[in-house]
Amino acid sequence: MAEAHQAVAFQFTVTPEGIDLQLSHQALTEIYLSGVRSWKKRIIRLKNGILTGVYPASPSSWLFVVIAVLATMYTRSDPSMGLIGKIQEHLPVSQTMSNQCQTLVSAVVFSTMLWLLLIFTMRMCLKQLLSYHRWMFEQHGKMSNTTKVWVALVRIFSGRKPLLYSYQGSLPNLPVPAIKDTVKRYLESVRPLMDDEKYEHMNQLAAEFESSLGNRLQWYLKLKALWASNYVSDWWEEYVYLRGRSPIMINSNYYGMDFLHVTPTPIQAARAGNTIHGFFLYRRKLNREELQPIRIPGTSIPLCSAQCERLFNTTRTPGEETDTLQHWQDSDYIAVYHRGRYFHLKVYQAGRLLNPREIEFQIQRILDDPSPPSQGEVHLGALTAGDRTPWAKARSKYFSSGVNKRSLDSIEKAAFFVTLDDDEQGTMGDDPVASLDRYAKSLLHGKCYDRWFDKSFSVVYFKNGKTGVNGEHSWADAPVLAHLWESTLATDVFQLGYNAEGHCKGEIDSSLPQPKKLSWEIPEECEEEISKSLEVAQALADDLDFHVFVFRDFGKGKIKRCKVSPDAFIQMALQLAYFRSRGTFCLTYEASMTRLFREGRTETVRSCSNESSAFVRALDGGEAADVCRRLFRAASEKHQNLYRLAMTGAGIDRHLFCLYVVSKYLGVESPFLKEVLSEPWRLSTSQTAMQVQMFDLVNHPEYISCGGGFGPVADDGYGVSYSICGENRINFHLSCKHSCPETDAHEFGAEIQKALHDLLKLLSPNQNESNRTEEKAPEVKKDL
């Protein structure tokens, strides 16, 4: 019971001589070091707050302004045009201060005011510069003189060495589009999906809305845009995510995979040791704002970093009507699940972060722990996988006090959640395709009770050393978690590494306390609620059809040689594949980001357009190649324009969504908005961008992630995630439901591959596609 003794700070006994105190030196040392660590973080936050607050200037520039003003005064001229004298007249000073000293103080006050005014002016200038988006609509490789001047000015006003959040105050607010523009774009987007009669009906509804209720709703929305930093994000977070009552497992959460071709070590605890250490190294940089501000790749244009704030120490708490997000400033431990038991594992000892070898040692202790789970503990995590309202009621009734509350707090306040899985996953066996499908399903839902789906993210470590991540969606979008995940994978392999036996490097402190097993007192009534949630989640998981495949025949290298955007190329292939499989078109969702604006999240690109449908019908109908190529170019350019409009705040769906929310607050019904928001997204797509600068895909092509995926949005539709990796590979993650007889993930995957080949053949008819030496993936190492 040594660890129990160490947990007691002091003991006391009553003796005839008085009270005898027995102090624990180790406990007091821990308290002291914890306080030092806490104060260091406060000082760092204060320092970063000052640096960010005065950006794009620096604190040292204040001294420069003061010296410049004083030097000017020394030459007997007044740079303030009398303001220094006015300040001196109203300066609340004692009579003992000399006139010269009063003048000096007044000059410093004036200099400070001038400095703050200069900062404000520079910020406003930078904000106006970042509001310029015409550069996105210029032809690739042809930059106008206006844009060249704009780029130079952005660099001048951006200052030097920005911190992670330095640009936040200079980012423009998301603009509210004009009603007529949004309605016009909407009608254009649904034209290929409706017959003449239905389209005419929708046209009438739109005209009525635009001329009457729309203007009233727009007025409220513009008022919110003047007051709030972003007129969309808070409502989007609340009504799309937090108010949803259906399970977040599969329906909302998403996943990211490990390296596709290699496993750095087959030792489960060692892999956990390196990557957990890497996560906390990232968090340290995040807290100190040492991460570079996120920018549009290949440019100096900053993106909003606000979503990074809730990356760690965050959980989604269930409520009967709406969930809430809780974020804590700090947490020095993680919550770990293994074989039905939950553990509290500290990763800091005496104020220092444990090295990877020590974390591996602690993880191995959990793996070797023979203690059985408590009554009802095994399936406890299923509460987070089922419907939200039953989980909220159970949490309030059974987990609001006593030992259950303490244990639940330990999970929810952890930096993140870890699952030590007894299964083996990855590309393996005689059927690598099926093994990848199983790997994806395991990361997305597991056994429905061995993940904690409410945490901002959970990391899964499999028995053979493979790993992956599951992300909750309400607190941020996938690119934020992807940045952390890829950074950690790069740190694991290229910085930390393993010894010859596959273990983490470093020495072990033998005094590390045993990981603490959490205790639970779960009554039979609660076990029944857990079983009901597990039943709901299991039915959802069993219905999920998933297919992951790597398309190696060609990649963005050949696509770019056809002078086509790779994203537009893939979206056209998806439209072609869907039309061939279903004989019709559908409302298509492609995720685009609006992080060019403050607190921006996402916008929808409606990839199915009049141009894309005309091209697909022509190609599938056997039209001449020249006609098809012309139609393809028109469809591709249309898609690119839609994507740019979405990124620059001129999208369709977020504006209509917010108008709908306003109508609900006002208690008025809009037939137009009701129909718009009831339309199903049968094809929901998203591109996963990869941080290629972190990986050497030329010399180490094996160290590449397979990306990630998500579940279908509609019961009769597909979820499609794709990542363009390097020059010669595209990864696809497809999902649908077995219960729908019209969908099949594997058949749709085959149609996508055929469509990709058909498009390349169309755009490069003189190229011998059978000669694919450039496109073939290089030989790589297999899993260890």
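Which residues in H17 are buried? Let's keep that question in hand while we get our bearings in this predicted model.

A look at confidence comes first. The protein chain has a mean pLDDT of 88, and 89% of its residues reach 70 or more. Among its elements, strand E10 (residues 417-420) has the highest mean pLDDT, 98, while helix H1 (residues 2-6) has the lowest, 37. Where pLDDT is low, the predicted coordinates should not be read in detail.

H17 covers residues 524-542, and its 19 residues should span 27 Å at 1.5 Å a residue; the end C-alpha atoms lie 26 Å apart, which agrees. Its buried residues are Cys526, Ile530, Ser533, Leu534, Ala537, Leu540 and Ala541. Viewed down the axis of H17, these fall within an arc of 120°, so they line one face of the helix. On the face turned away from the buried side of H17 you will find the exposed residues Glu524, Glu535 and Asp542. And what covers the buried residues? The cover includes helices H13 (388-398) and H15 (432-444), together with strands E14 (544-551) and E20 (729-737).

Let's move on to a sheet. Eight strands form an open sheet with mixed pairing, in the order E13-E7-E6-E10-E11-E12-E3-E18. Its edge strands, E13 (516-517) and E18 (708-710), each pair on one side only. Within the sheet, E6 (residues 333-338) pairs with E10 in the parallel sense over three bridges, and Val336 stands opposite Val418 in E10. Helix H11 lies across E6, E10, E11 (457-461) and E12 (467-471), running at about 155° to E11.

Finally, two loop residues are worth a look for their backbone angles. Most residues other than glycine have a negative phi. Asn313, in the loop between helix H11 (268-287) and strand E4 (314-317), has a positive phi near 55°. Lys563 also has a positive phi, of about 60°, although it is not a glycine; Lys563 sits in the loop between helix H18 (556-561) and helix H19 (566-582). Are these residues buried or exposed? Asn313 is buried, with a relative accessible area of 3%, whereas Lys563 counts as exposed at 75% relative accessibility.

How values were computed:
Residues are numbered from 1 along each chain as its sequence is written. This is a predicted model: local features need pLDDT of at least 70, side-chain atom pairs count only at pLDDT 80 or more; totals for chains, interfaces and linings use all residues. Side-chain values use heavy atoms; hydrogens and water are left out. Helices (H or I, at least four residues) and strands (E, at least two) are DSSP runs, numbered from the N terminus. The expected span of a helix is 1.5 Å times one less than its number of residues. Buried means under 20% relative accessible area, exposed over 50%, partly exposed in between (1.4 Å probe, protein chains only). The arc is that of the directions from the helix axis to the C-beta atoms. Contact means heavy atoms within 4.5 Å. pLDDT is the predictor's confidence in each residue, from 0 to 100. Two strands pair if DSSP finds at least two bridges between them. Axes are lines fitted to C-alpha atoms, for helices over the stretch in contact, and angles run from 0 to 180 degrees between N-to-C directions.
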